[in-house]
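Here are some notes on the model, written as numbered points. Please read them with the coordinates open.

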Amino acid sequence: MKHTNFIDALSTDNMDAIKAASKTDLHSHAFLSTKIENLEHWVGHSVTKPPERMNGLEEMMEYVITVLAPLQKSREGFEFVSSSGVNDAIQDGVVELEMSFDIMMTRFYPDGLAGVKTYIEDLVKRYKPQINLRPELGFPRIHANDPKLMKLAHEAIELGVFKSIDLYSYQEACSPEAVQSLYAKARASGMKLKAHVGEFGGAEEIRRTVEVLDLDEVQHGIAAAESVEIMQWLSENHIQLNVCPTSNVMLGGVKDIASHPIRILYDHGVRVTINTDDLMIFDQTVSNEYRNLYKAGVFSAQELDDIRCASLKGDVW
Ligand SMILES: [Zn+2]
């Protein structure tokens, strides 16, 4: 990737140059990873857009289940959305992409995990010249008490295609202890360990989850800003938070971009990165997120460049 002065690009609002700069996206869910226009083009008709503000994950999931899921509940739909999502990331200048693939995708393949393995390996290979796609195994907390799915997740780790693991959906649906053996297995397989926690409050639960699961990074984790003690602890233990500003605003965890706690986290030495979460719903690329933070006065162009460069150097996996 050619060298681009990211600081100039931000301060002159040159979107092409912002896009041209190398970036990471370390928080992206494959099922919702492409722009909604691409889905509309694929299904051949317009799709109802999400409300601009939603009441937490409940309202977002209602939208996903009633509007988006019926359009892509097939192998073809899943493969279209995930490959289109990788392509969107490339168009946005993302060079390192950690995309999570939900364990439920296995139902689209008659040969189960063997089909999953083939598809993901092909996807990595297809886009290799343009992007380092690091597939992530995604496990929804609501299925932690389903022994069949838990067994499947253990087997998925053995495939060797997943470089990291993530846990998500309603935080209260399962305690971190419920997935401790799965995470221990992922650790033993050399995977990076991540989980969604602290998206809507509860600083102490972030520390507890990091400790129980031995996490390397936290998805969201913005509630840490409520506690100086937790921020210091995250900083001292080099726990990175993969933050998605627009997602936090649209789901009501944060009032607006200008008051996003990513500033407080940064000022307390917590390592943060800037990511998309679900491009299909939140409609902001990584470049848009950087631009939004700059325009809202949350960070200077220099600080955003520092965050960008640090996220690229963080690639030790
Ligand atoms: Zn997420």
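**Notes on the fold and packing**

1. Leu265 has contacts with Ala224, Ala225, Met231, Leu241, Val270 and Val272, leaving out residues up to four places away in sequence. Contact here requires that the C-beta atoms of two residues, placed from the backbone, lie within 7 Å.

2. This is a predicted model, in which local features need pLDDT of at least 70 and side-chain atom pairs count only at pLDDT 80 or more, whereas totals for chains, interfaces and linings use all residues. Residue numbers start from 1 along each chain as its sequence is written.

3. Leu265 and Ala224 are the residues with the most contacts inside the largest nonpolar core, which has 81 residues. Such a core is a set of buried Ala, Val, Leu, Ile, Met, Phe, Trp, Tyr and Cys residues joined through C-beta atoms within 7 Å. A residue is buried if 20 or more other C-beta atoms lie within 10 Å of its own, exposed if 12 or fewer, and partly exposed in between, with C-beta atoms placed from the backbone. In soluble globular proteins, nonpolar side chains tend to be buried together. Of the 317 residues of the protein, 44% are buried.

4. The protein contains 15 helices and 8 strands, taken as DSSP runs (helices: H or I, at least four residues; strands: E, at least two) numbered from the N terminus. Its radius of gyration is 18 Å, close to the 20 Å that the globule rule gives for 317 residues, so the protein is as compact as a globular protein of that length. The radius is taken over C-alpha atoms, and the rule is 2.2 Å times the number of residues to the power 0.38. The C-alpha trace spans about 50 × 45 × 35 Å along its principal axes.

5. Pairing requires at least two DSSP bridges between two strands.

6. A right-handed β-α-β unit is made by β2, helix α6 (residues 113-127) and β3. Right-handed applies if, with the strands pointing away from the viewer, the path from the first strand over the helix to the second runs clockwise.

7. β3 is joined to the parallel strand β4 (residues 164-168) by 5 bridges, and Pro140 stands opposite Tyr168 in β4. The β-α-β crossover from β3 to β4 goes through helix α7 (residues 147-158) and is right-handed.

8. Strands β5 (residues 192-197) and β6 (residues 217-220) pair in the parallel sense over 4 bridges, with His196 opposite Gln219 in β6.

9. Apart from neighbours within four places in sequence, Ile7 is in contact with Ala301, Gln302 and Asp305.
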